[in-house]
Every structure is written in structure tokens, then in C-alpha cells.
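Me: I've got this one open on my screen and want to know what's behind the labels. Can you walk me through it?

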Amino acid sequence: MCSGSDARMMTGAVNADYQALSELTNKFVELFESTKEVRVTCDNGTDVTYSVEGRNTMAVDGNCNKPGQWNFAPAGTTATAPLEGTTNGTIVFAGSLAPFGIVDEPLNVEVKDGQVEKIQV
């Protein structure tokens, strides 16, 4: 089992259409690499912005079709990092939180200039 994952998080991953998943994941890579600032919002209360200027983004698409290539499971995400000191806003974890797994109730994290200011359940 992958670090921080449990059976509930892996359900359905084996039967995914990995070609379609790869195409969609790579569209997100293109979006991240063609912008300077990202804003993430969600009905759960998440509203956070950060800079990705100059950052590379990896497609975590589950495909390993070249010798020595590696990836992650479950797939269907991207990997990039915000520029240090640029993250501001609220992040609400209402599903899973590595390395803890599924969270029982939402966890609200307030961030200012890249530093966590407040954590609240």
C-alpha cells in the first residue's frame, strides 16, 4: 500500500482509463506551467492563492512506459510547489490528509505569507 493511503482511497484506481487520465493530468500541467499565480477555491471554504512562477510541474498520471520511469498511485494529480512565502488564504482538508489518511471532520488551515497562522477543527 502507498504511504498515507488506505483501501478506501485506492478504490477504483485499478480500473481507471489511464490514457484519458494522463491526457487530463497533462492539461493541468500545461495550465500550471503557463501561469504565475494559482487560486484554489471550493464550496467547503478553501480559498487560497500562491505563486508558481518558475516552478516545474510533474504529471502524476500513473503511466510508466519508459525504462527506469516511476510514478505514484493512485494517479490523476500534478506535483508542483508554491513559491516560498507566497501562499495566502484558507485550506480546508475535508477528505484525506497525508500521512493521516481520511479525516473524520474538516480541518481548516489559515496561511499567511507561506506560514500557517491557525489550525482549527
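Reply: Leaving aside neighbours within four places in sequence, Leu97 is in contact (heavy atoms within 4.5 Å) with Val103 and Leu107. This is a predicted model, where local features need pLDDT of at least 70, side-chain atom pairs count only at pLDDT 80 or more, and totals for chains, interfaces and linings use all residues. Residues are numbered from 1 along each chain as its sequence is written, and side-chain values use heavy atoms, with hydrogens and water left out.

Me: What makes up the largest nonpolar core?

Reply: Leu97, Val103, Leu107, Val109 and Val111, 5 residues in all. The term means buried Ala, Val, Leu, Ile, Met, Phe, Trp, Tyr and Cys residues joined through side-chain atoms within 4.5 Å. Strand E8 (residues 107–112) gives the largest share of this core, 3 residues.

Me: Why is Asp43 called exposed?

Reply: Exposed means over 50% relative accessible area, buried under 20%, and partly exposed in between (1.4 Å probe, protein chains only). Asp43 has 85%, so it counts as exposed. Asp43 is in the loop between strand E1 (37–41) and strand E2 (47–51).

Me: And why is Leu24 just partly exposed?

Reply: Its relative accessible area is 49%, so Leu24 falls in the in-between class. You'll find Leu24 in helix H2 (residues 18–33).

Me: How do you know that E1 and E2 pair?

Reply: Pairing takes at least two bridges found by DSSP. E1 and E2 have 5, in the antiparallel sense, so they pair. Val38 stands opposite Tyr50 in E2.

Note on methods:
Helix = DSSP H or I, 4+ residues; strand = E, 2+ residues; numbered from the N terminus.
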